[in-house]
Amino acid sequence: MSGLACVVLAAGKGTRMRSALPKVLHPLAGRPMVEHALAIARALAPERTVLVIGPELEADSSGLEGVSEAAACVVQEEPLGTAHAVARTRPLLEDFGGDVLVLYADTPLVRSETLAGLIAARRAGDGAAAAVLGFRPEDPAEYGRLILAPDGTLARIVEYVEASEDERAVTLCNAGMMAVDGRRLFPLLDAIGNDNAKGEYYLTDLPAIVAAEGGRCAVAEAPAGEVMGINDRVQLAEAERVVQDRLRRAAMEAGATLVDPATVWLSLDTRLGCDVTLGPNVVIGPEVVIEDGVEIRPFSHLEGVRVREGAVIGPFARLRPGSDIGEGARVGNFVEVKGSTVAQGAKINHLSYVGDAGVGAGANIGAGTITCNYDGYRKSRTEIGEGAFIGSNTALVAPVTVGPGAVVGAGSVITEDVEADAIAVARGEQRQREGAAARRRERRKPDLAEG
Ligand code: UD1
Ligand code: MG
């Protein structure tokens with residue numbers, strides 16, 4: 001959209017979360033809240049995007065990968081209020097003459113169509129100084145209230161803590177998002193003071209200043225389900241439910257079967273191919289790509305993995321980051337795979353741990369096989385060649401290689417490389433004493449009589 005800049009506010013203490021983690025880094029559908037807000041901004045294709053973060057977020061950049069490309073960052077050193085936060089963008093936006101759309105990172109469910117409506121409301125007629133997004137929640141709780149003038153324009157916004165009983169009875173609430181005429185934004189912000197209950201510079205004081213100057217602010221209304229603010233963990237859980245419902249619906253609409261949608265958990269970045277089936281109680285964490293025709297059976301947990309066409313996973317499988325499961329491969333019950341490549345058609349069907357390994361095409365990994373990838377100090381790799389057969393209950397002590405076509409006898413502890421097409425057995429040899437069991441029974445008879 002031309003003539004549009006987005007500002008995403010992500011600083012502030014987030015005290016009500018009662019958390020050591022900054023509020024906007026709390027995950028929603030597997031990704032930090034702030035990433036959702038930036039995705040909303042991106043969908044509007046603005047000319048500029050500025051993210052306002054607090055110093056704690058700057059220090060903890062772990063949650064902000066990918067964000068710096070999406071937006072320019074400015075730091076609000078002290079959380080002195082939402083108007084103060086927007087004012088930090090002055091060096092990047094002072095010359096911007098279009099609409100400046102302010103988004104709150106703690107309100108990440110709003111749809112871009114709703115925001116397009118807000119911008120249209122600002123631009124309508126001869127153009128208002130600003131347009132504010134309102135909504136009518138079932139429980140207006142502690143949201144700011146929109147006080148309308150008799151002509152239906154916005155007279156002012158009153159914060160809940162400041163509101164009188166009559167004002168609290170108003171059901172039209174402030175969703176937080178605001179589109180402001182960029183030419184007027186910074187002079188208006190300069191006029192906002194902090195003489196209020198919290199001693200903060202409220203962005204919500206802007207409409208009253210416009211009205212006092214004889215200007216006009218418009219209101220656009222949003223569906224209540226889109227604009228709930230996330231201030232505490234109860235609201236976080238409610239928002240998660242909303243996001244999950246949207247993701248499940250979108251997945252089904254795009255051609256995936258969710259056998260019991262309410263029990264399937266997806267991430268914001270989950271990519272599902274066509275004719276994917278997700279069984280009940282499947283949890284898909286971040287960075288998962290599932291290609292066409294894959295079946296994920298019930299109670300499987302996936303994160304950071306690509307599952308290629310036609311593979312079958314689970315039930316009760318755990319696929320961990322850095323894994324790549326090949327076309328038509330099978331990973332069965334109680335199998336954990338981490339940091340491993342499992343090539344086309346390979347099978348790991350039961351009770352195994354495969355970590356930091358390469359499993360060749362068509363290889364068969366017997367039940368209970370463990371790659372011993374960690375010696376207490378460092379991780380090492382296991383390479384299993386194409387078509388190799390690993391007998392049940394084998395321990396592969398890494399670093400170790402089993403060549404293509406090799407066979408490892410069940411119960412082996414493999415500490416040295418196995419050559420291609422060789423058979424390796426590394427376990428105590430079986431001894432047999434004829435009649436020994438019968439003799440032992442005879443010896444024990446008196447014990448039995450006593451017991
Ligand atoms: C705000 C609005 C309120 C509205 C509600 C909707 C103000 C003063 N009040 O209240 O009218 O009904 O949102 O959800 O705006 N932030 C900063 N720097 C700061 C303070 C906040 O960047 O100094 C950011 C926060 O990260 C958050 C957003 O601004 O994303 C809103 O701040 P928050 O403290 O949650 O405001 P509310 O009390 O929810
Ligand atoms: Mg809030």
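Let's start at the magnesium ion, ligand 2: its protein donors are Asp106, through OD, and Asn231, through OD1, at 2.0 to 2.3 Å. Donors here are N, O and S atoms within 2.8 Å of the metal (3.2 Å for Na, K and Ca), and water is not among the atoms, so sites may look incomplete. Aspartate 106 sits in the loop between strand E6 (99–104) and helix H6 (112–123), while asparagine 231 sits in the loop between strand E11 (217–221) and helix H10 (233–253), so the pair ties together parts that are 125 residues apart in sequence. Helices (H or I, at least four residues) and strands (E, at least two) are DSSP runs, numbered from the N terminus. Both aspartate 106 and asparagine 231 are buried, and buried means under 20% relative accessible area, with exposed over 50% and partly exposed in between (1.4 Å probe, protein chains only).

A quick word on what you're looking at: this is a predicted model, where local features need pLDDT of at least 70 and side-chain atom pairs count only at pLDDT 80 or more, while totals for chains, interfaces and linings use all residues. Residues are numbered from 1 along each chain as its sequence is written, chains are lettered from A and ligands numbered from 1 in the order in which they are written, and side-chain values use heavy atoms, leaving out hydrogens and water.

Now, ligand 1. It is surrounded by 24 residues, and the closest are Ala11, Gln76, Asp106, Glu159 and Asn174; to be counted, a residue needs a heavy atom within 4 Å of the molecule. Glutamate 159 places a polar side-chain atom 2.7 Å from an oxygen atom of the ligand. From the backbone, a polar atom of asparagine 174 is 2.7 Å from a ligand oxygen, and one of leucine 80 is 3.4 Å from a ligand oxygen. A polar contact is a pair of N or O atoms within 3.5 Å; within protein, one must be able to donate a hydrogen and the other to accept it, and residues adjacent in sequence count only if both atoms are side-chain atoms.

What about the inside? The largest nonpolar core has 93 residues, of which Leu101 and Ile325 touch the most other members. Such a core is a set of buried Ala, Val, Leu, Ile, Met, Phe, Trp, Tyr and Cys residues joined through side-chain atoms within 4.5 Å. A second, separate core of 34 residues includes Leu9, Ala83, Ala129 and Val210.

Which strand holds valine 52? That would be E4, residues 48–53, and valine 52 counts as buried because its relative accessibility is 0%. Beyond four places in sequence, its contacts (heavy atoms within 4.5 Å) include Val7, Leu9, Gln76 and Ala85. Valine 52 and alanine 85 are 33 residues apart along the chain, yet their C-alpha atoms are separated by 6.6 Å.

Next, arginine 31, in strand E3 (residues 31–32). At 13% relative accessibility, arginine 31 is buried too, and its side chain makes a polar contact of 3.2 Å with that of glutamate 35. Glutamate 35 is one of the buried residues of helix H1, where eight of the eleven residues, 33–43, are buried.

Is helix H11 largely in the open or mostly covered? Of its 15 residues, one is buried, so H11 lies largely in the open.
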